Amino acid sequence: MLDVQDHDAQLDRLGHRRRALPAIARVDQLTQQRAELSTRLELERTALSDLSAEVRKADSDVTQVRTRRERDQRRLDTGAVSSPRELEQLQHEIESLGRRISALEDAELEVMEQLEEAQAAVAGTATESAELDAELRAEVAARDEAFAELDREAARLHSERDRTAATVPDELLALYEKVRDQHAGVGAAALRRRACEGCRLELNAADLREITAEPPDAVQRCPECNRLLVRTHESGL
Ligand SMILES: [Zn+2]
């Protein structure tokens, strides 16, 4: 009986170790970081795409005004305009278009700089993301390896436990399981030096007399905690 209890306790500890593996928390943390990074990358890619559109727009703006200035310049050069008033207007417009082109080019340059920054940000985040993926894969592999090792150990303990449990009468085993469920995983405890090892309380003389009066293989319960009490050579009876 105590052997079964011992195996069950070992299995409980193993289960606890499995749930408390540091790799589990690490995988969770990395998975969350990865999700955050993925959101950031998405935002940065959207910003990059918006800026690309802005650069194309700025470029087209400059081209449009340049084309107009070239057309004006041609009219001026070919002498198509003869009226001094119109000529003056044309020259005035060419100058004004020049200033406009200059301003548009400045604006385009600025957007291009932003575009470069956005490209660098996306590249940086993508690298970071790839590194994190590799780290996560390694951590998942380490976690799974630890799981597999603990599972192998649990399987070994389970078969040992089953072999031991087969020597315990079914009714007693069922009672043990029930008590174990109610008493934090400890259903059976040894009576050692007149104390129950389940609740650590010493039995009084009357209780001990009652136990001694029973046959050695009779099922006893601790009067304090109600666990199955198993007599040992060291019971002190
Ligand atoms: Zn007890």
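Helices (H or I, at least four residues) and strands (E, at least two) are DSSP runs, numbered from the N terminus. This is a predicted model, in which local features need pLDDT of at least 70 and side-chain atom pairs count only at pLDDT 80 or more, while totals for chains, interfaces and linings use all residues. Residues are numbered from 1 along each chain as its sequence is written, and side-chain values use heavy atoms, with hydrogens and water left out.

**Zinc site**

- The zinc ion is coordinated at 2.3 Å by the SG atoms of Cys196, Cys199, Cys222 and Cys225, where donors are N, O and S atoms within 2.8 Å of the metal (3.2 Å for Na, K and Ca) and water is not among the atoms, so sites may look incomplete.
- The four donor atoms of the zinc ion make angles of 105 to 115°, and the site is tetrahedral, a term that requires all angles of four donors to lie between 85 and 135 degrees.
- Ideal angles for four tetrahedral donors are 109.5 degrees.
- In sequence, the donor residues follow the spacing C-x2-C-x22-C-x2-C.
- Cysteine 196 is buried, because its relative accessible area is 1%, whereas cysteine 199, at 21%, is partly exposed; buried means under 20% relative accessible area, exposed over 50%, and partly exposed in between (1.4 Å probe, protein chains only).

**Loop residues with positive phi**

- Asparagine 226, in the loop between β3 (220-221) and β4 (228-231), has a phi near 75°, a positive value in a residue other than glycine.
- Asparagine 226 has 39% relative accessibility and therefore counts as partly exposed.
- Arginine 193, which is not a glycine either, has a positive phi of about 50° and lies in the loop between β1 (188-192) and β2 (195-196).
- Arginine 193 is exposed, because its relative accessible area is 60%.
- Most residues other than glycine have a negative phi.

**Histidine 7**

- Histidine 7 is placed in helix α1 (residues 2-19) and is buried, with a relative accessible area of 7%.
- Leaving aside neighbours within four places in sequence, histidine 7 is in contact (heavy atoms within 4.5 Å) with Leu157, Glu160, Arg161 and Thr164.

**Aromatic rings**

- Arginine 18 lies over the face of phenylalanine 147, at 3.9 Å from the ring centre; a charge sits over a ring if NZ of Lys or CZ of Arg is within 6 Å of the ring centre and within 35 degrees of the ring normal.

Note on methods
Four donors count as tetrahedral if all angles lie between 85 and 135 degrees; four count as square planar and six as octahedral if opposite donors are over 155 degrees apart and all others between 65 and 115; anything else is irregular.
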